[in-house]
Amino acid sequence: MTFSLGIVGAGQFAGSFAKLFHLHPGVGEVHVTDLLPERARALVDQHGLAGTFEDVGSMLASGLDAVAVFTQRWTHGPLVAAALDAGKHVYSAVPMAITEDEIAAIVERVRRTGLVYMMGETSYYNPATVYVRRRLADLGRVFYAEGDYVHDMDLGFYDAYRYSGGPDWRATASYPPMLYPTHAVGGVLGALPTHAVSVSCLGVPDTRGDGVFETSVSMFGNDVSNATALFELAGGGSMRTNEFRRVGYPSHLKESRFRFFGTEASFEQTVNQSVWQDKEGFTDVTDLLRARPSLDEDDPSLAGVSPALRAAFVSGCAPVHDRARLPKELTGAPNGHEGAHHFLVDDFVRSVTDGTVPPVDAWVAARFTLPGIVAHESMRRGGERLPIPDHGEAPA
Ligand SMILES: NC(=O)c1ccc[n+]([C@@H]2O[C@H](COP(=O)([O-])OP(=O)(O)OC[C@H]3O[C@@H](n4cnc5c(N)ncnc54)[C@H](O)[C@@H]3O)[C@@H](O)[C@H]2O)c1
């Protein structure tokens with residue numbers, strides 16, 4: 001039994017997911033639509049997909065079972081709400097949305113319809129998050145954590161925004177850092193069973209002078225390129241997040257980095273090292289958490305390696321990832337974001353097929369996204385501490 005899927009937005013990110021959805025045995029026909037029809041057609045041709053729709057309206061009016069939204073980051077809220085209104089299950093690229101009202105509208109629709117909504121948060125499967133989730137009890141009481149998303153504009157973002165925004169790309173390249181909080185917040189809260197209840201945030205106005213982070217140019221009225229937020233967590237404890245877009249850091253080597261401090265143990269990460277510590281000493285877990293570039297089946301370095309580890313290495317995962325649940329069709333397929341893509345696709349397919357709630361459902365997605373929206377507002381008010389609304393957890 002398979003379900004049919006429509007991809008909305010055939011830009012830079014949709015390609016790898018189109019291939020994985022097409023490969024997954026739970027998915028039947030895959031269709032594509034894009035405001036630029038040539039992009040939709042090219043994606044269909046590249047992967048041998050079922051066909052294109054003229055626009056998102058005709059896709060939503062069709063008999064497709066589900067849609068996957070890969071449009072620009074500020075566009076998801078209204079598209080997802082419309083898709084749920086049309087009775088489609090929804091996979092959405094991050095962020096969930098950019099306003100509190102958009103998020104409330106999605107949560108309300110998912111609650112009312114029982115349809116599957118999943119946000120494709122790659123950090124939920126970041127090796128560090130997977131590892132800490134597994135060893136949570138060993139940390140004792142976690143009272144402080146950090147999640148940073150550190151991605152300099154010079155490392156790919158100018159080209160990406162030009163492709164994405166066309167002639168007016170500068171208006172959107174100033175996208176506020178805290179409205180893209182999920183790779184940082186989601187990596188922490190993907191391991192800790194809590195949520196943020198209040199925040200104070202400070203921003204650093206940009207000084208590059210290239211006409212991007214300027215309030216008069218920015219469609220978001222934003223001139224801040226680096227922002228830091230301190231969140232109060234439910235049940236006590238705090239979480240700090242950095243969203244940096246002007247930073248001397250090799251984002252291509254690692255763009256999300258995490259630290260967790262508990263009463264019994266702690267975990268810290270730099271660009272090339274991951275360390276578990278307790279009151280007696282430390283263990284270097286770098287190798288366990290390092291996603292391998294996808295290797296060929298016959299790569300000599302795989303000689304003598306166990307079948308499970310071999311499957312991880314030919315699929316761009318880290319040893320800490322347990323691929324046992326994944327369909328064999330994904331073994332060896334292109335992956336991304338430190339091994340996350342295969343798990344995200346499989347989570348969504350399982351939820352739609354089995355009628356279950358995905359790990360990052362609408363309620364969890366709201367807890368990954370709302371803290372950044374409120375942090376952005378706090379920053380605009382000079383760091384005023386603001387309460388963060390909470391939608392709770394998915395109803396049983
Ligand atoms: N680590 C991650 O999770 C990660 C990484 C990269 C991108 N993303 C997310 O993926 C999404 C897509 O990013 P991208 O770089 O591919 O963007 P992009 O700008 O390259 O592509 C977006 C495409 O959507 C199309 N589009 C916009 N509105 C549409 C509509 N109403 N109907 C049909 N098509 C529409 C555009 O024409 C464009 O081709 C973003 O939301 C981004 O945040 C997530």
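In the predicted model, strand β14 (residues 282-284) runs antiparallel to β13, to which it is joined by three bridges. Helices (H or I, at least four residues) and strands (E, at least two) are DSSP runs, numbered from the N terminus, and two strands pair if DSSP finds at least two bridges between them. The model is a prediction, in which local features need pLDDT of at least 70 and side-chain atom pairs count only at pLDDT 80 or more, whereas totals for chains, interfaces and linings use all residues. Residues are numbered from 1 along each chain as its sequence is written.

Strands β13 and β14 form a hairpin with three residues between them, and Val275 stands opposite Asp284 in β14. Val275 of β13 is also the bridge partner of Glu268. The antiparallel strands β12 (residues 265-269) and β13 (residues 274-278) are connected by five bridges; four residues separate β12 from β13 in their hairpin.

The chain comprises domain 1 (3-121) and domain 2 (123-288 + 361-387), with bounds taken from an automatic or database domain assignment. The C-alpha centres of the two domains are 25 Å apart. Contact, defined by C-beta atoms, placed from the backbone, that lie within 7 Å, links 20 residues of domain 1 with 19 residues of domain 2. On the side of domain 1 that touches domain 2, α5 (100-113) and β6 (117-119) are the elements that give two or more residues; the largest share, five residues, comes from α5. This side consists of 13 nonpolar, four polar and three charged residues, where Ala, Val, Leu, Ile, Met, Phe, Trp, Tyr, Cys and Pro count as nonpolar, Asp, Glu, Lys and Arg as charged, and the others, Gly among them, as polar.

Definitions and conventions. Two residues are in contact if their C-beta atoms, placed from the backbone, lie within 7 Å.
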